[in-house]
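Hi everyone, thanks for coming along. Let me put the sequence and the structure up, and then we can walk through them together.

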Amino acid sequence: MKLFDRLRPAVVNGLRELQANKVRSLLSMSGIILGVASLVAMVTVVQGMVGNFRQFVDAMGGIEKITVTREQLPKEQEHLSELSEGVTMRDVDRIRKTVPLVENISPEARVGYERLIIDGRETSSYVTGVTADYLPVAKRWIDPGFGRFVSDLDVLNMNDVIVLGSAVVPELFGANVDPVGKVIKIRGRRFTVIGVLNNIEGSGMQIRSANSRSSGGAWRWRNSGAFIPVSTAQAKFIGNDRLSGLGLRIGDAERLHDAVDQTERTMLAGHKGLRDFAISTNEQTLEDFRKTEAAFKLSLGGVAGISLFVGGIGIMNVMLASINERIREIGVRKAVGARGSDLFLQFLAEAAVISVVGGIIGLVVSMGIVALMNYILMQALPTGAVATLDWVIMSQGLAFSVVVGLVAGVYPALRAANLDPIEALRHE
Amino acid sequence: MPALIAIRGLRKAYVMGDETVHALAGVDLDFQKGEFVAILGPSGSGKSTLMHILGFMDTPTEGSIVFDGQEVAKLDPDLRAWYRSNRVGFVFQSFNLLPRLTVLENVALPLLYRENSDPVANAAAAKVALERVGMSHRLDHRPSQLSGGERQRVAIARAIVGSPSIIFADEPTGNLDVKNVDRILDLLGSLIKEGITVVLVTHDLSVAERSHRVISMRAGLVQEDRTR
């Protein structure tokens with residue numbers, strides 16, 4: 001007999017027993033329900049957090065980014081401040097020559113919040129002077145068909161060109177207008193729009209800002225900038241050759257520490273030993289987060305594990321009770337030709353039915369928990385992490401409950417299978 | 001014609017505490033195809049043990065059983081289950097119908113454990129068996145909705161559904177009123193026309209008298225084997 005043919009009546013029988021003992025079955029399921037609900041909710045929320053954070057770190061340039069910023073001289077070097085020339089394009093050249101681990105160097109000169117004006121419409125945007133290397137370092141791109149980014153020639157010629165963030169365009173031009181080629185004014189100076197940056201959105205895991213739920217959400221700040229050639233920014237707005245900082249992208253994230261060391265030595269040498277800069281990476285943030293994630297997984301996983309364990313014991317208990325009540329039935333089934341394996345399968349299927357039904361209820365409960373967590377996170381955090389249940393996690397949770405049911409059902413099922421038919425028939 | 005069942009030197013001993021109980025102390029018997037036999041004896045005479053061994057629910061300590069030409073005294077549990085499902089039917093004093101199953105499902109139960117079991121064919125066979133015992137009007141009832149006589153008729157239908165060679169009826173009338181006793185015994189007696197051997201196990205002489213052959217047992221031995 002095929003396994004399926006033997007299994008089908010066993011499952012039908014299991015459902016029948018479940019229906020006949022609703023309260024008892026529900027009580028025995030409670031552990032499974034709690035276990036699956038907490039497991040699925042936990043994995044979902046932690047995954048949501050991870051996704052949220054990954055995006056955040058990515059938005060900061062990822063793990064392979066090193067940031068060099070201008071810094072006040074430390075106290076012991078304060079008297080040498082006259083000698084400090086800050087971070088300049090000369091540092092860019094030096095790093096390019098001496099730190100081969102660095103693949104791209106993006107010098108940045110912040111101009112600040114400026115009013116962008118065209119034909120009576122205006123908006124304000126944070127204007128930064130950059131070079132072509134800004135794109136690979138910031139992991140941005142120009143949307144195909146929306147022009148180009150600042151080029152080396154633009155930097156060389158100090159061209160008055162500007163690339164806009166995607167959120168700026170509708171504010172300045174209205175919806176569905178191609179801004180490339182249009183001329184806008186900043187502080188009376190005319191800039192030709194040459195491109196629009198890609199729009200950054202939260203993907204999978206949605207990230208929203210509490211006070212700007214519409215139009216771009218928490219990524220608005222990333223979509224609202226405007227970029228001009230660094231030389232233009234220095235010559236026409238800032239008035240000196242200083243940069244606000246450098247963004248470095250290294251090719252091999254594994255060699256981050258070497259790259260940091262080399263960059264620091266190069267910078268120190270170039271600055272005659274003056275520590276008028278700071279170097280930072282996203283590594284520490286990521287490390288802190290990993291620890292938090294591990295702690296979350298461990299504690300919530302523990303709760304889920306214990307619940308599933310208790311759930312398994314509950315199922316085993318109810319199965320043993322059920323078998324005790326049905327010893328005669330087992331005797332009858334054996335008398336009419338059931339083998340031990342038939343009864344083993346029957347009672348194992350009953351345990352599995354209880355755990356699957358419990359698992360399904362657990363999934364429904366987990367949806368409630370996730371919805372509640374989302375609600376709380378939205379209230380508590382300015383950028384609430386909204387986690388969404390996915391089928392993979394849910395089916396894993398259900399699979400867990402099936403495994404627990406099967407493991408818990410083995411011992412009772414073996415007892416049923418090994419009962420002596422004569423003794424079983426005599427049982428009162 | 002060779003006997004359906006031939007048993008020789010059958011012994012069964014149980015160890016109970018320090019004592020060894022000889023439930024069967026050397027039994028030789030033949031059962032023919034289509035025979036209506038009663039095994040009569042007080043409790044402890046070994047009649048139930050004999051029925052359990054012949055019904056493939058137990059194995060003897062010693063001796064030989066030839067069933068349909070095959071030696072079957074020492075079969076492994078799965079083979080004994082096969083014989084129970086394919087060759088033997090049981091009728092019990094307390095009916096032993098499963099309360100959660102319908103009449104039809106109860107009757108189809110033995111077929112469920114056969115190889116290549118098919119639900120549709122099983123139900124059809126169960127209907128035929130229920131018609132045979134006059135219970136085809138109660139297919140979807142639960143056992144609890146039936147009278148004692150009706151339950152026993154359903155139990156007989158369950159015993160015959162798999163076309164067995166032999167049916168063991170263990171005090172089949174013990175829980176029935178006089179009117180139903182006759183009806184059930186008539187029904188069992190009529191099965192021999194279909195070539196089924198019917199073995200009544202009872203301690204009631206009046207019941208045993210309805211059969212064609214009465215085997216009296218005492219202390220694990222055949223005391224009298226009388227054909228009428």
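Let me start with a definition: the expected span of a helix is 1.5 Å times one less than its number of residues. Helices here are DSSP runs of H or I with at least four residues, strands are runs of E with at least two, and both are numbered from the N terminus. Before I use that, please keep in mind that this is a predicted model, where local features need pLDDT of at least 70, side-chain atom pairs count only at pLDDT 80 or more, and totals for chains, interfaces and linings use all residues. Residues are numbered from 1 along each chain as its sequence is written, while chains are lettered from A and ligands numbered from 1 in the order in which they are written.

So, how far apart are the end C-alpha atoms of helix 10 of chain A? This helix covers residues 283-325, and its 43 residues should span 63 Å at 1.5 Å a residue; the ends are 62 Å apart, which agrees. Its buried residues include Ala304(A), Ser307(A), Leu308(A) and Gly311(A). Buried means 20 or more other C-beta atoms within 10 Å of the residue's own, with C-beta atoms placed from the backbone.

Those four names come back when we look at Gly35(A), which sits in helix 2 (residues 22-59) of chain A. Gly35(A) is buried, because 28 other C-beta atoms lie within 10 Å. Beyond its neighbours within four places in sequence, Gly35(A) is in contact with Ala304(A), Ser307(A), Leu308(A), Gly311(A) and Gly362(A); contact means C-beta atoms, placed from the backbone, within 7 Å.

Zooming out, chain A is assigned domain 1 (3-59 + 288-426) and domain 2 (65-281), with bounds from an automatic or database domain assignment. Their centres, taken over C-alpha atoms, are 53 Å apart.

Now the contact between the chains. It takes 18 residues from chain A and 20 residues from chain B. On the chain A side, helix 1 (3-20), helix 11 (327-335), helix 12 (340-380) and helix 14 (421-426) each supply at least two residues.

What about the cores? A nonpolar core is a set of buried Ala, Val, Leu, Ile, Met, Phe, Trp, Tyr and Cys residues joined through C-beta atoms within 7 Å. The largest has 121 residues, and Ile39(B) is among those with the most contacts inside it. Helix 12 of chain A gives this core its largest share, 14 residues. A second, separate core of 49 residues includes Val111(A) and Phe149(A).

Last stop, chain B, which has an open sheet of four strands in the order 2-1-4-5, paired antiparallel. Strands pair if DSSP finds at least two bridges between them. The edges are strand 2 (19-31) and strand 5 (70-71), each pairing on one side only. Strand 1 (residues 5-16) is joined to strand 2 by 10 bridges, with Val15(B) partnering Thr20(B). Strand 1 also pairs with strand 4 (residues 62-67) over five bridges, and there Ile5(B) partners Phe67(B). Finally, strands 1 and 2 of chain B form a hairpin with two residues between them, and Gly17(B) in the turn has a positive phi of about 65°.

Note on methods: Buried ≥ 20, exposed ≤ 12 C-beta atoms within 10 Å, placed from the backbone. Contact = placed C-beta atoms within 7 Å.
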